[in-house]
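Subject: Structure for you to look at

Hello,

Here is the structure I said I would pass on. My notes on it follow below.

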Amino acid sequence: MEAAMGLMRRIPPKLTETALSALLSLLPDHSSDLLSQVDQPLQVLCDVECGKEFILCEYNRDADSYRSPWSNKYHPPLEDGLHPSADLRKLEIEANDVFAIYRDQYYEGGISSVYMWEDENEGFVGCFLIKKDGSKSGHGRRGNLQEGAWDAIHVIEVGPEEEGIAHYCLTSTVMLSMTTKDESSGTFNLSGSIRRQMSMDLSVAEGHLCNMGRMIEELEGKLRNSLDQVYFGKTKEMVCTLRPPSELLQMRLPDSRDV
Amino acid sequence: MAEELTDKQKIEIAKWFLINSPPGEIKFVAKDIRSVLKDDNAYETAASESFPLYNKSHLICLQLPDRSGDVLVTSFSEIDQNEYLDPRTAQVVKVDHVKQVCTEMRPANDEELPSAYIEEYRCALDAESIKYISEAYPKGFSSVYCVSGKDVEEPGSDFELVIVISAARHSPQNFCNGSWRSIWNIEFKDDLQMVEVSGRMQVGAHYFEEGNVQLDAKHECKDSTILQVTIRDNMSWLSSQLASLSPQLSPDDCAISLINIIRHHETEYLASLQASYSNLPDTTFKDLRRKLPVTRTLFPWHNTMQFSLTRDITRELGIGK
């Protein structure tokens, strides 16, 4: 299992899906570990009832069907599929509505879905998903990307309320790939995935959704920032180590010509 | 539950992982895939087929057995799967692909080397490329091969040389590896008195401390230059006199102008890579996710009731997909 995770850390992020299915076939006994530890690009289905797209994941799956957060129905239809309790479904509906606005403000497009379910220790779990196609043929407002995919997965465990305080544990993953392509500079692709965790004890006075939302916003911002500053920065540093920019050389050249 | 894989399927999977290893990481991938496979025979077969392909496509640089210099493993210098020509020293080395070392070396045969006429051009280009590499790449290595017309003995026929540039940085302790590879095909067209240059550059970088982020950039370009001495227009009388003599550039002059072309394109490419990076924060990356919401303030989670109105509007406009 350790070696399998080692491979996932090295294989180009664009090939994650193929790599995961290869590992699943080599290590059938570890399939549940692999599926829970390796994130893969999100898939989308259309809710036939309301014509809206929703995101698929392990948390809205039952057998081979997926529950839509919009109609609360399974696609393809499932007789006795699992549903959240009435109270939790109410929170789920509200979370989907609010998260769609959050998503639109940060992403200017994309698709989001929120799923909730009761866990065994009297708390519940929420899974907030965002998928954005930022390419110029998708939702890329500025039209710079030939290809651009962003998948964010936030799973937040909410413990039972004790004296007005609840424990929240959030695990966030971002997977992305972006490609620019033109005659003069060729193809330029950056792709990657990172995952981070964050735990907090918060008063539930303003409601669970408010607490979950703030944590997600903070961690998602941190992930974006570290991809931008740290991870992309490190690859840029590598390029400049391989072939240092010639600013110095160009500054010297005019001098040598004058002589 | 998945069915038991056949040996052939296991080998194919292992090969896929090995060939897709990032720069400088095939040995780490090999160690992991070996322990995932739990089948040494399948691993050995996969490794013996994948390492040569990876080594050639990554243009890896190996030390000569006598430590007198380095040699590149490329498809242009391949004599057979384990033997590679080093034209600079006129030696042929034996390569152990899986260990990524040279084990033996022997002087090249005459038929493995180009003619004296071609060698003049190749050697001049090699000397210029060494100068260029030492200026531009702190840890780079280059080699020049003749890939067609190596037996041409005098002017009047076409031939083709290839300059291969490979620069790699491996620093696994810092979770970072990368490589710059360029391949420049240089076709000498005798009838046109032209040299056509076409280049392929590929840059890869991998940073994997608590994550996995990779750069994969490629670019191709074409250029050409003439083989004859060029004469300025303001000396038209002299130029017509000289042109009738049609003096061909010496191999040395030719090499200088070719390396200038390559330097120019590679410098431009580096600049375009830097431009791609500096465009990230405000344009490219913004198309995936903005740093701040369109409202430029954090999302008002404490007051989501205000959205009941907004929500109706977005619904009507059909934005809130």
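The domain bounds used here come from an automatic or database domain assignment. On that basis chain B falls into domain 1 (1-57), domain 2 (65-113) and domain 3 (114-282). Please keep in mind that this is a predicted model.

Domains 1 and 3 of chain B

The centres of domain 1 of chain B and domain 3 of chain B, taken over C-alpha atoms, are 34 Å apart. In the contact between them, 6 residues of domain 1 of chain B meet 10 residues of domain 3 of chain B. About 540 Å² is buried between these two domains, and carbon and sulfur atoms give 58% of that area. On the domain 1 side, Pro23(B), Glu25(B) and Ser57(B) lose the most area to domain 3, together 66% of what that side buries.

Chains A and B

The size of an interface is often given as the accessible area lost when the parts come together. Between chain A and chain B that area is about 8200 Å², with 65% from carbon and sulfur atoms. Chain A brings 92 residues to the contact and chain B brings 84 residues. In chain A, the residues that lose the most area to chain B are Arg10(A), Arg224(A) and Arg243(A), which together make up 12% of what that side buries.

Arg169(B)

One residue I looked at separately is Arg169(B), in strand β8 (residues 159-171) of chain B. Its relative accessibility is 24%, so Arg169(B) counts as partly exposed, buried being under 20% and exposed over 50%. Neighbours within four places in sequence aside, Arg169(B) is in contact with Met238(A), Thr241(A) and Leu242(A) from chain A, and with Pro138(B), Lys139(B), Cys176(B), Asn177(B) and Gly178(B) from chain B. Between Arg169(B) and Gly140(B) there are 9.4 Å, C-alpha to C-alpha, for a separation of 29 residues in sequence.

The cavity

How many cavities of 30 Å³ or more are there? The count is 1. The largest cavity holds about 40 Å³ of space. Its lining consists of Tyr117(B), Tyr121(B), Ser157(B), Phe159(B), Phe188(B), Lys189(B), Asp190(B), Leu227(B) and Gln248(B). By class, the lining has 5 nonpolar, 2 polar and 2 charged residues.

Regards

Note on methods:
Residues are numbered from 1 along each chain as its sequence is written. Chains are lettered from A and ligands numbered from 1 in the order in which they are written. This is a predicted model: local features need pLDDT of at least 70, side-chain atom pairs count only at pLDDT 80 or more; totals for chains, interfaces and linings use all residues. Side-chain values use heavy atoms; hydrogens and water are left out. On a 1 Å grid over the protein atoms alone, a cavity is a set of points where a 1.4 Å probe fits but cannot get out, and a pocket is an open set with protein on both sides within 12 Å along at least five of seven lines; lining residues have an atom within 4 Å of a point. Grid points are joined across faces, edges and corners, and a volume is the space filled by probe spheres set on the points. Ala, Val, Leu, Ile, Met, Phe, Trp, Tyr, Cys and Pro count as nonpolar, Asp, Glu, Lys and Arg as charged, and the others, Gly among them, as polar. Helices (H or I, at least four residues) and strands (E, at least two) are DSSP runs, numbered from the N terminus. Buried means under 20% relative accessible area, exposed over 50%, partly exposed in between (1.4 Å probe, protein chains only). Contact means heavy atoms within 4.5 Å. Buried area is the accessible area (1.4 Å probe) that two parts lose on being put together, summed over both.
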